[in-house]
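Colleague: I'm new to reading protein models. Could you take me through this one, a feature at a time?

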Amino acid sequence: MKNFNLFKDLIILDIANNHFGDTKHCKNIIDQYSKTIKKNKLKCAFKFQFRDLDSFIHKKERILKNNSYTNRFLSTRLEFEKFNLLKKYIKSKNHLAACTPFDEKSVDYIEKYKFDYLKIASASAQEWPLLERVCKNKIPKIISTGGLSLKEIDKIVSFFMHKNQNFCLMHCVAIYPSNSDELNLQIIVELKKRYPNIQIGWSTHEAPDDFEPVKIAYSLGARIFEKHIGINTKKYRLNNYSLTPKLFDNWNSYLQKTKKII
């Protein structure tokens, strides 16, 4: 596997829709988390999610009000060019930038804006037209495996190796938030044995104030971590699986202490 260390010790900070379509709020998120990153000299990538909403959401769904997902996407909409300005802001802070595309057109913008990493969400990991499209570039790929069987992961690994891609795999439980008895962290060991030449990580959605799982995950061999992040304000309320800046600082303390112990 090329550039095995390209992913080592990477922490992905997923802003997702927690920017609420507000660039000022998003910059505030970046600023708040930058304090912990710089203090601890962390290797972090702030991550966006790209959807070409005009084609991604069916016209019929636009007029329905009972779908919380489409309402969330539409109410927090940011135009691609504004995302580019935010990406430039991230780079001005000397941080890395990552992005998840949910459709082929979004990949065009990830390439155009020159993101450092391209993330494949668990929901897209069997979407072969999208996977074919992302392999037309050489951006390093981070692939989540939530809900997939080992046979399905085998196919993904074979596909990306055949396409001569730099990629890593993320154990993921697609439950938001995940309870302790749902984390199934032993899969990290299974993935490391099955794919010894691929860096393995963990995309994690446990309760934000639960710091035990990160210690166990690192001990089992996870070397990449992904956390949802945001900040609470009077205007914007954070969901129940995203870290606040203070909790990120605490979470990172547990991770760094575990590294020293090991």
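Colleague: Where is K227 placed?

Modeller: K227 sits in strand β8. Helices (H or I, at least four residues) and strands (E, at least two) are DSSP runs, numbered from the N terminus. Before we go on: this is a predicted model, where local features need pLDDT of at least 70 and side-chain atom pairs count only at pLDDT 80 or more, while totals for chains, interfaces and linings use all residues. Residues are numbered from 1 along each chain as its sequence is written, and side-chain values use heavy atoms, with hydrogens and water left out.

Colleague: Is K227 buried or exposed?

Modeller: Here's how to judge that: buried means under 20% relative accessible area, exposed over 50%, and partly exposed in between (1.4 Å probe, protein chains only). K227 has a relative accessible area of 1%, so K227 is buried.

Colleague: And what is K227 in contact with?

Modeller: Contact means heavy atoms within 4.5 Å. Leaving aside neighbours within four places in sequence, K227 is in contact with I12, L13, D14, T204, E206, L243 and W251.

**One face of a helix**

Colleague: How do I read a nonpolar core?

Modeller: The general idea is that in soluble globular proteins, nonpolar side chains tend to be buried together. A nonpolar core is a set of buried Ala, Val, Leu, Ile, Met, Phe, Trp, Tyr and Cys residues joined through side-chain atoms within 4.5 Å. The largest one here has 61 residues, and F48 and F248 have the most contacts inside it.

Colleague: Which residues does F48 touch?

Modeller: Skipping residues up to four places away in sequence, F48 touches I15, C26, F83, L86, K87, I90, A98, C99, T100 and F115.

**Pockets**

Colleague: How do you find a pocket?

Modeller: Rolling a probe the size of a water molecule over the atoms shows where empty space is left. On a 1 Å grid over the protein atoms alone, a cavity is a set of points where a 1.4 Å probe fits but cannot get out, and a pocket is an open set with protein on both sides within 12 Å along at least five of seven lines; lining residues have an atom within 4 Å of a point. Grid points are joined across faces, edges and corners, and a volume is the space filled by probe spheres set on the points.

Colleague: How much space lies in the largest pocket?

Modeller: About 770 Å³. Its lining has 32 residues, and Q49, R51, F73, Y176 and Y241 are the closest to its centre. Helix α4 gives the most to this lining, with five residues. As for classes, Ala, Val, Leu, Ile, Met, Phe, Trp, Tyr, Cys and Pro count as nonpolar, Asp, Glu, Lys and Arg as charged, and the others, Gly among them, as polar. The lining divides into 12 nonpolar, 13 polar and seven charged residues.

Colleague: What volume does the second largest pocket have?

Modeller: About 200 Å³. Of its 17 lining residues, R51, L53, R77, L78 and F83 are the closest to the centre. By class, there are seven nonpolar, four polar and six charged residues in that lining.

**Backbone details**

Colleague: Which peptide bond is cis?

Modeller: Look from Y176 to P177: the bond is cis, with omega near -10°. P177 lies in the loop between β6 (167-172) and α9.

Colleague: What about phi in N94?

Modeller: N94 is not a glycine, yet its phi is positive, about 65°. N94 is in the loop between α5 and β3 (96-101), and at 70% relative accessibility N94 counts as exposed. K114, also not a glycine, has a positive phi near 60°. With 63% relative accessibility, K114 counts as exposed.
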